[in-house]
Amino acid sequence: MAIEPTKHHTFHALTFVDFVGEGAGLLLVHAGTQWFNQDARGTISNLLMREWESYWGGEYGWPRYSEYRHALFPHHGQFTHCDRVRASTEFTQKLIPVLGTPRSGSLPARKSFIAVEPDSVQLSAFRRKDNQRFELRLLEIEGRQAESTVELAIPVAEAVETNLLGNKVADVARTGSKLNFKIHPWKFRTFELAQGG
């Protein structure tokens with residue numbers, strides 16, 4: 001899972017795929033993960049998928065229907081990876097805020113549940129796996145290697161890096177609830193956390 005060219009006739013794409021020709025291209029921006037196939041005549045088809053939960057599973061309680069939005073952006077040949085990520089980010093459905101009447105309380109005026117640094121690293125996904133374990137996925141979006149940190153507002157007893165199937169691939173440096181790791185340009189890193197007591 002990275003931003004990289006491919007000449008394969010079948011591939012998965014997360015949020016966008018760019019069909020690039022000589023001096024021009026067509027960026028297809030979409031929501032979620034999709035599988036693309038190109039037949040012998042050059043016709044492209046795709047299959048829509050929901051990450052982590054299928055229509056039939058019901059594991060996380062998502063509704064049994066989905067609305068998928070797509071956008072096509074023709075562009076010149078000088079389109080960069082940053083341009084692609086920016087178009088995908090701008091296309092994403094923004095959260096709808098609900099404002100209430102301000103009142104005093106015991107919580108600070110501002111507090112983050114999860115903090116990711118630097119700005120070139122984005123939190124792609126965060127989910128609960130079972131009662132005490134969580135999975136989070138991060139992505140480098142500016143095309144440069146970075147020393148990154150993730151700090152959570154929950155106690156963390158253990159943290160490991162996993163592959164996309166959830167199998168452990170390495171330990172990760174951790175100080176309390178803060179993870180420290182290096183991330184390469186345009187790459188994903190996936191971690192599994194065990195909540196502490």
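So, R86 and D83: they sit 3 residues apart in helix 1, which means about one helical turn separates them. Helices here are DSSP runs of H or I with at least four residues, strands are E runs with at least two, and both are numbered from the N terminus. R86 and D83 form a salt bridge, with the closest N and O atoms 3.3 Å apart. By salt bridge I mean a side-chain nitrogen of Lys or Arg within 4 Å of a carboxyl oxygen of Asp or Glu. Side chains of opposite charge can pair when their charged atoms come close.

Before I go on, this is a predicted model, so local features need pLDDT of at least 70 and side-chain atom pairs count only at pLDDT 80 or more, while totals for chains, interfaces and linings use all residues. Residues are numbered from 1 along each chain as its sequence is written, and side-chain values use heavy atoms, with hydrogens and water left out.

Okay, back to that pair. R86 is partly exposed, at 46% relative accessible area, and D83 is partly exposed too, at 24%. The cut-offs: buried is under 20% relative accessible area, exposed is over 50%, and partly exposed is in between, using a 1.4 Å probe and protein chains only.

Now, which residues of helix 1 are buried? In this helix, residues 81–91, they are R84, V85, A87, S88 and F91. They cover an arc of only 160° around the axis, so they lie on the same side of helix 1. That arc is taken from the directions from the helix axis to the C-beta atoms. And what do they pack against? Strand 1 (10–20), strand 2 (24–38) and strand 4. Contact here means heavy atoms within 4.5 Å.

L72 is exposed, with a relative accessible area of 56%. Leaving out residues up to four places away in sequence, L72 touches L26, L27 and L28. Take L27: L72 is 45 residues from it in sequence, but their C-alphas are 5.7 Å apart in space.

More on salt bridges. How many does the structure hold? There are 13. One of them joins D39 and R41, with the closest N and O atoms 3.6 Å apart. D39 counts as partly exposed at 28%, and R41 is exposed at 73%.

Another one is E158 with R133, where the closest N and O atoms are 3.8 Å apart. This pair links distant parts of the chain: E158 is in strand 9 (156–162), R133 is in strand 7 (133–140), and they are 25 residues apart. E158 is partly exposed at 37%, as is R133 at 23%. Salt bridges with shared partners join K129, R133, E158 and E192 into one network.

4 strands form an open sheet in the order 5-8-12-11, with antiparallel pairing. Two strands count as paired if DSSP finds at least two bridges between them. Strand 5 (114–117) and strand 11 (173–175) are at the edges with a single partner strand each, so one side of each has no neighbour in the sheet. Strand 5 pairs with strand 8 (146–152) over 4 bridges, in the antiparallel sense.
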